[in-house]
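Biologist: I am new to this structure. Please take one part and go through it closely, together with whatever it packs on.

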Amino acid sequence: MKSYYFSGYNIGVRLIDDFLARNPTVGRCNDFRETADILSKQGFKTYLGIAPSITNWSPAGDEFSLLLDGNPLTEFVELPEGPGQKLSYNQIICGAIRGALEMVQLEVECRFVQDQLKGDNTTELRVKFLKKLVDALPVGED
Amino acid sequence: MQSSARLRSSTLDRSLQKTKGDANLSTFALLFSEMVQYSQNRVDNINDLQSRLADFGKHVGIRVLDLFFYRAGKDKREVRLTPMLVFIQKVFWKFLFNREADNLEQHAQEVNVFSFYLDYLIERECLVNKFISVPNDKGNLNCASFVAGIVESVLCSSGFTCKVVAHQGTRGTTYVINFDKTVMERESRLDSK
């Protein structure tokens, strides 16, 4: 499970470059709501072909849910019986979101609260804003 | 226990028809790169790395062939060698990569009494290698072993037992298909009818 998360993180770290290169109009976000919007309507749309809906904002506006309607990564996936049921297959997406946002100086926490693979009705991903990273140099540039 | 298992909507309940557009190339390339890195951390030499990638491919190939027949609604399967290879080069490659493989060649070789054929499937620019630059110290690594694995399991599960190896040549990636003796014997038996 950890391994999926770190694979995702590595992907996210590189994906953000690709994303910014393809979408030159995307600038700095003014607030977290704008970040959520771009993440769903442009990020997910480009790379997974889906646009999850954004709901369940926390009152403070620092945490939201993404509802994934169908997920191309899990199209043919069935969790095996037994211990395999605990596997968080989608963890790779969490890692990618964290990695990508970290590269634009936003530290977030990302986790799945509901997962269709585990028999829930929908797949819900929770993203929580932790802090703005300041003066964070990219790895290897210190 | 049983009723909860039944309520759960499984992947088998979903339609097999293709619903969305093609996968994004960047997403694929990054996922593939993670697969290569994952494998690389678990092996000590290039050959093991390639066979690990081929194993991934075999899992894909056997399933994707089934999926192809469901989606294409084809009810004819090839039983002769050459039509089967042409099918892979043209139709199946298009299904996987949205283009045909560039070339198909047959090279006769004589070993002892048996003369057997090595079939070459050639691709100038391989999709999985598009963003991969092989470091100098890893000389003959070719990540298209993954694709070789797909081809091998497609052929094997269609009744053409074989070994497929990916080579990096001057003309791009060459998949060398080495058929089992039984396949060649069957072919010559069918030829003589």
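**A helix and its sheet**

Modeller: In this predicted model, helix 3 of chain A has 13 residues, which at 1.5 Å a residue should span 18 Å; its end C-alpha atoms lie 19 Å apart, so the two values agree. Helix 3 of chain A covers residues 91-103. Of its 13 residues, 12 are buried, so the helix is largely enclosed by the rest of the structure. The count of "buried" here requires 20 or more other C-beta atoms within 10 Å of a residue's own. Among the buried residues are A:Gln91, A:Ile92, A:Ile93 and A:Cys94, and the list also includes A:Arg98, A:Leu101 and A:Met103. After the helix comes A:Gln105, which has a positive phi, near 65 degrees.

Next, the sheet. It is open, with 4 strands of chain A in the order 1-2-4-3 and antiparallel pairing. Strand 1 (53-55) and strand 3 (106-114) of chain A are the edge strands, each pairing on one side only. From one strand to the next, the twist averages 30 degrees. Helix 3 of chain A packs on this sheet, where it touches strand 3 and strand 4 of chain A. The direction of the helix makes about 165 degrees with that of strand 3 of chain A.

Strand 4 of chain A (residues 123-132) is also joined to strand 2 of chain A (residues 63-68), by 6 bridges, and the two run antiparallel. In general, strands of a sheet pair through backbone hydrogen bonds, either parallel or antiparallel.

Conventions. Residues numbered from 1 in each chain as written. Chains lettered and ligands numbered in written order. Predicted model: local features only at pLDDT ≥ 70, side-chain atom pairs only at ≥ 80, totals over all residues. Pairing = 2+ DSSP bridges. Axes fitted to C-alpha atoms, helices over the stretch in contact; angles between N-to-C directions. Contact = placed C-beta atoms within 7 Å. Expected span 1.5 Å × (residues − 1).
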